[in-house]
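Please read them beside the model.

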Amino acid sequence: MFEAGEMPKAIARTVIEMKCQPVPAAKWSLGNQLIMFANGTSDARGFKQWQEVGRYVKKGAKAFYILGPLTKKVKVLDEDTGEEKEKVVVYGFRSIPVFAYEDTEGKELEKPDYRPAELPPLVNVAKKYGVSIKYSPFTKKFYGSFNLIKKDITLCSHDVDVFFHELAHAIHNTVRPLKGGQDREQEIVAETVAAVLCQIYGYEGYIYQGYKYIQKYAEAENGAGTVKAIMRVLGDVQKVLEIILDTQESLETAC
């Protein structure tokens, strides 16, 4: 399909938007929101902020830090009028300790649920391998990620191919320890597995996106062709697919 260009038209990529909610993080900068999501939560606040809503930081919980701007008022000359006026400028940053919702206890707060109405296929395979799945708002940084240390998948899109891609990373890590970051071969394996799973489960419109994704990594690797790049990692692709599909079959048989 990649070689002949026989691919269905690409569907539009969807992302999860942050729901309107009265939490401090909704007003944070993108950088601070990324720090928060990297620490495994979608709601983080300072010690006193949690107390104000009836929750208290658990004993032994550790804070993580976001950055707050240091500002001051300075007088500048208005070039149009020639008069002096005050202007607020940022002259540095300070670290602010915050605690994740998960590290607090007390009054229950209404938390937005970012999960799709229907979970994607193969969710049980991830659970079988001890991989947790969570959905978070899109931060313009990534559509999905697999955390090698925590063994969890974060999804910022409801598109099924994003989950398949991250599931492939998680299972690939059981075949051989993965490297951190965007390793070319690992990305090609994950996206090829995702493309095959989309075909097996009848999800159209993702193949073209998969092709473009693999093409990007293939061209970065000595200008190799997309199909040649896939053929080089086909052994790992086959192993990952076998584990996923065999595990799913065994789970269905057990039911």
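1. Helices (H or I, at least four residues) and strands (E, at least two) are DSSP runs, numbered from the N terminus. Helix 1 (30-38), strand 7 (144-147), strand 8 (152-155), helix 4 (160-175), helix 5 (184-200) and helix 6 (207-220) each give at least two residues to the lining of the largest pocket.

2. This is a predicted model: local features need pLDDT of at least 70, side-chain atom pairs count only at pLDDT 80 or more, and totals for chains, interfaces and linings use all residues. Residues are numbered from 1 along each chain as its sequence is written, and side-chain values use heavy atoms, with hydrogens and water left out.

3. The largest pocket holds about 900 Å³ of space. A pocket here is an open set of points on a 1 Å grid over the protein atoms alone, where a 1.4 Å probe fits, with protein on both sides within 12 Å along at least five of seven lines; lining residues have an atom within 4 Å of a point. A volume is the space filled by probe spheres set on the points.

4. Which residues lie nearest the centre of the largest pocket? They are Phe142, Gly144, Ser145, Glu166 and Gln182, out of 35 lining residues.

5. The second largest pocket has about 280 Å³ of space. Its lining has 15 residues, with Ser42, Pro112, Tyr114, Lys134 and Tyr135 closest to the centre. Strand 6 (residues 132-135) gives the most to this lining, with three residues.

6. Leu67 sits in strand 3 (residues 64-77). Leu67 counts as partly exposed because its relative accessibility is 48%, between the cut-offs of under 20% for buried and over 50% for exposed (1.4 Å probe, protein chains only).
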